[in-house]
Amino acid sequence: MFLYCPIHFLLKDYSEIQSPDTLDSDSDKMKLKLKELERALLADNDVDGDDDMFGTGLSMEVDGEWSDPIRMGSHHDSPKESSSSGSYLDSVSGNKEVSHVSSQTPKQMLIECAAILSEGHIEKASAIINELRQKVSIQGDPPQRIAAYMVEGLAARMAASGKSLYKALRCKEPPSSDRLAAMQILFEVCPCFKFGFMAANGAIIEAFKGEKRVHIIDFDISQGSQYITLIQTIAKLPGKPPHLRLTGVDDPESVQRLNGGLEIVGLRLEKLAEILGVPFEFRAVPSRTSLVAPSMLDCKPGEALIVNFAFLLHHMPDESVSTINQRDQLLRMVKSMNPKLVTVVEQDVNTNTSPFFPRFIEAYSYYSAVFDSLDATLPRESQDRMNVERQCLARDIVNIIACEGEERIERYEVAGKWRARMIMAGFKSCPMSSNVIDTIQKLIKEYCDRYKLKEDVGALHFGWEDKSLIVASAWS
């Protein structure tokens, strides 16, 4: 019996246009394209080799179900080796039809399908996808739910519709109230995201000391939730609060904005600041982040400048995508403005330059931990949980799995790589204060004890059990 998955129906139009039968005749072309893409991609490991933040000894979970395919996966970086007698396909049944998959777990079927697809075998991958769709459900346990979304990512990659599906998930209109509510719920019920914002705010508050005027620049302010908390905290500080000026960069073409853009966000924050007695000024800069220049940001003498990068930098293309390295270019531009503090909050996973097959495995490991954590905080039948996973997580998963080149937007990096980029741009690490760490540590205890906090090389890592999910750091 087919179990409902909304992404499957979003894919239906694309699969009808380009069915597996049609794709089979172009399999050689697709295979060549995939191999060329994989060969062009770069390795992207944590430069310090310390991405295992919680002492597992591995950067991602590897158990009996994964170990053999991972070993075989070492061949997939080379087109010559991927077609050799040591390929993954030779390790499975010699039959032309993949007939044994029905007895496997969804996890086993996913990794087999990804391995087969990485070798360009569209028909075999299609057979596994069809069986997987019968075994997974967005209403099941965490392994079933993540499989329900990841299988559609594989289907989108197979049908070369990843970009179209990603756009469909993001929607062309401004986000609905459901989408905005889902994002807020994600930050509340998955504490790792919430704690990342709290760590950044804690570092910002520390930088307020001794300052009469502070100017914060945020290149992706979203709905301004981080600054609601920040203004509330400022209002409680002893003495007269400093004058806060907040500049939000707003991409006019972004689908993530409400009607009216950041003006609505600014008005809401101004009203809150007025009620709480915090001197506050908001300014929106309508521009794509890559086009922002210091002259557009209206920095003034006598202000302490703070720049906040919360879940923004991974959207900036780097040297693996274009000769114009927007990611490092932005960091160097910010450094040239001589800020007192720069805060960085990012998801701690490598989906940037790793080839498709290892990227798929890493994404599964990472999002499995996220789905598990949601299962611990929201009941299985919760509509909020389903909305969070569908509105906030599914779109990222599909983009990571299905897209390549400029079409792949969700390009996360591990903590060591961010650290290297910041140092190369001229920044120095500012370890989080003991006050910030102690405050968050106390709050973590109010949640499930499977959430973890670890400090490493000045950065705070928030994780679920032994998996680091979010990393927050501060720089000067």
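These notebook entries record what I looked up on salt bridges and on one strand in this structure.

**Entry 1: basis.** I worked from a predicted model, in which local features need pLDDT of at least 70, side-chain atom pairs count only at pLDDT 80 or more, and totals for chains, interfaces and linings use all residues. Residues are numbered from 1 along each chain as its sequence is written, and side-chain values use heavy atoms, with hydrogens and water left out.

**Entry 2: salt bridges.** I searched the whole structure for salt bridges (a side-chain nitrogen of Lys or Arg within 4 Å of a carboxyl oxygen of Asp or Glu). The search finds 20 of them. Side chains of opposite charge can pair when their charged atoms come close.

**Entry 3: Asp328 and Arg421.** I looked up the salt bridge between Asp328 and Arg421, where the closest N and O atoms are 2.9 Å apart. Asp328 belongs to helix α14 (residues 326-336) and Arg421 to helix α17 (residues 415-424), so the pair ties together parts that are 93 residues apart in sequence. Helices (H or I, at least four residues) and strands (E, at least two) are DSSP runs, numbered from the N terminus. I then checked accessibility, taking buried as under 20% relative accessible area, exposed as over 50% and partly exposed as in between (1.4 Å probe, protein chains only). Asp328 is buried at 12%, and Arg421 is buried at 3%.

**Entry 4: the network.** Arg421 also forms a salt bridge with Glu413, with 2.7 Å between the closest N and O atoms. Glu413 is buried, as is Arg421. I noted that a network of salt bridges links Asp318, Glu319, Arg327, Asp328, Glu413, Lys417 and Arg421.

**Entry 5: Asp375 and Arg380.** I found a salt bridge here with its closest N and O atoms 2.9 Å apart. Asp375 is partly exposed at 22% relative accessibility, and Arg380 is partly exposed at 35%.

**Entry 6: strand β5.** I asked how many residues of strand β5 (residues 341-347) are buried. Seven of the seven are, so β5 is largely enclosed by the rest of the structure. Leu341, Thr343, Val345 and Gln347 lie on one side, and Val342, Val344 and Glu346 on the other.

**Entry 7: neighbours of β5.** I took two strands as paired if DSSP finds at least two bridges between them. Strand β4 (residues 304-310) runs parallel to β5, joined by five bridges, and Val307 stands opposite Val342. The chain passes from β4 through α14 to β5 in a right-handed β-α-β crossover; with the strands pointing away from the viewer, the path from the first strand over the helix to the second runs clockwise. Strand β8 (residues 467-475) runs antiparallel to β5, with six bridges, and Ile470 in β8 is the bridge partner of Gln347.
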